[in-house]
Amino acid sequence: MSLIRIFDTTLRDGEQSPGASMNIEEKLMVARQLERLGVDIIEAGFPIASEGDFAAVKLVAKEIRGCEITGLARANQGDIDRAWEALRAGENPRLHVFIATSPIHMRYKLQKNPDQVLADAVAAIKYARRYTGNIEFSAEDATRSEIDFLVQIFTAVIEAGATTINIPDTVGYTIPEEYGALIRTIRERVPNIDRAVISVHCHNDLGLGTANSIAAIENGARQVECTVNGIGERAGNASLEELVMALRTRHDKLAYETNIVTTQIYPASRLVSQVTGIQVQPNKAIVGVNAFAHESGIHQDGVLKEKSTYEIMTPESVGVPQNTLVMGKHSGRHAFRDKISALGYELSDEQIEIAFKAFKKLADKKKHVYDEDIDALIADEIIRIPHYCKLVYLSVNSGSVSVPSATIQLEVNGETMLGAEFGDGPVDATIKAIKRLTGTASKLLTYDVKSITGGTDALGEVTVRIEEDGLVVMGQGAHTDIIVASARAYINALNKLEYKKHNRPQVTV
Ligand code: KIV
Ligand code: ZN
């Protein structure tokens with residue numbers, strides 16, 4: 001009874017993070033990593049939302065065998081049919097049906113009274129039963145709902161066949177003691193609760209997602225919904241890595257287990273950041289670059305004498321690469337292959353060959369190639385797939401006396417195009433040239449550049465956020481030349497935009 005099931009919603013709620021978007025191959029890559037991480041359930045999307053979401057859920061359900069796969073559906077037959085169509089190839093597919101239960105949502109959003117909401121919920125669960133016995137019901141905005149109504153609706157949906165009941169803190173409003181008491185009350189007052197698993201789903205608007213999830217566990221919740229890096233709608237969801245490592249590190253007080261392979265946490269964090277373009281804040285617990293960095297002299301001295309003076313868990317335990325074997329131009333295929341798997345990647349022979357060629361090019365320019373460089377290189381060469389637009393070459397001219405200009409060759413939808421532009425600076429000229437060749441109406445909203453490792457020969461990583469017709473996406477690119485990195489980032493964003501244009505959500509949660 002002390003096993004806590006981890007329900008990962010990175011591919012659904014996580015993808016609702018502003019600017020995040022993953023294409024179908026990227027979603028499958030993340031799903032495979034979640035499988036290695038050992039999550040129990042993967043929520044792969046919201047199939048009715050768009051063709052892209054439907055196809056991604058279908059592919060993930062077909063390919064992933066180590067976890068249950070679920071897809072979200074509103075409490076109506078059309079959503080449930082569509083979700084089931086996507087999920088049916090899965091091994092133990094779960095239908096996840098939700099409806100809002102708070103007075104504010106029922107009145108303004110659904111424009112239904114509680115009796116109608118109750119009837120819809122029960123009818124939806126009964127309908128879902130024709131497909132599977134593995135059904136989760138979520139009472140959206142549960143923490144602002146009336147307790148008597150929650151007890152009534154949970155009792156009714158369990159009676160109708162729901163096997164998991166989820167109690168979301170949709171707007172990240174609750175606080176730990178209150179949420180713990182809510183879970184306890186539901187456990188005590190719902191008469192048939194022994195026939196369902198209690199699940200929690202916390203948003204992080206007050207920074208309490210993890211704390212609230214733990215309070216819920218201590219009061220009987222046995223499934224926690226969370227995301228890698230805590231990404232998700234607005235301020236995000238409870239972070240998977242924080243929850244799992246809190247349970248593990250404080251096992252003395254929290255005697256619960258999970259099936260998570262903690263050494264896969266860091267590779268999962270890197271992958272999710274690379275495919276979504278959402279950078280992890282440096283001081284993010286567990287996976288931020290500073291999470292295991294000791295800056296003060298006193299702390300450094302303590303850690304050198306005895307790690308546990310200032311470290312409550314080891315970086316190795318979450319898979320932060322410790323093998324500081326620096327690669328260089330003399331490193332061979334074998335060492336490269338070893339390094340790739342030490343970093344947590346599982347690549348095909350063909351992908352290793354592509355990455356190895358890029359590594360050799362990089363090692364010619366850069367004396368020491370670090371783990372972070374290899375991460376960036378794999379992201380550029382393997383993870384970010386250019387479906388629509390691809391950079392062939394870029395040549396720029398700039399300096400204190402010349403007018404900056406860029407000449408660029410792109411492949412757009414398989415057609416090779418060449419163009420040149422002047423600009424205020426080399427980045428401006430490059431982006432103008434890309435815009436002219438692709439004909440995009442997108443606007444650059446933000447542009448950030450950071451150096452991946454130290455030194456003037458470091459790789460620069462550029463992140464851009466662009467907008468067109470109300471769609472916002474992020475793109476990333478890395479290169480030793482930051483103008484090339486900028487071009488790659490803009491092109492990556494255009495590829496995401498193109499995908500999103502064809503998969504514009506018709507329905508949102
Ligand atoms: O936050 C929420 O309430 C949700 C539900 C759809 C589970 O994401
Ligand atoms: Zn949510």
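Into which domains is the protein chain divided?

View 1. The chain splits into domain 1 (2-276), domain 2 (291-320), domain 3 (328-366 + 374-379) and domain 4 (389-501). These bounds come from an automatic or database domain assignment. Residues are numbered from 1 along each chain as its sequence is written, chains are lettered from A and ligands numbered from 1 in the order in which they are written, and side-chain values use heavy atoms, with hydrogens and water left out. In this predicted model local features need pLDDT of at least 70, side-chain atom pairs count only at pLDDT 80 or more, and totals for chains, interfaces and linings use all residues.

**View 2. Where domain 1 meets domain 2.** The C-alpha centres of domain 1 and domain 2 are 34 Å apart. Eight residues of domain 1 and seven of domain 2 make the contact (heavy atoms within 4.5 Å). About 560 Å² is buried between domain 1 and domain 2, 67% of it from carbon and sulfur atoms. Buried area is the accessible area (1.4 Å probe) that two parts lose on being put together, summed over both. M245, T249 and Y266 supply 63% of the area that domain 1 buries against domain 2, more than any other three residues.

**View 3. Glu461 in its strand.** E461 sits in strand β13 (residues 460-468); strands are DSSP runs (E, at least two residues), numbered from the N terminus. E461 counts as buried because its relative accessibility is 5% (buried: under 20% relative accessible area, 1.4 Å probe, protein chains only). Beyond neighbours within four places in sequence, E461 has contacts including Q279, D448, K450 and Q476.

How values were computed
Helix = DSSP H or I, 4+ residues; strand = E, 2+ residues; numbered from the N terminus. Buried < 20%, exposed > 50% of the residue type's maximum accessible area, 1.4 Å probe, protein only.
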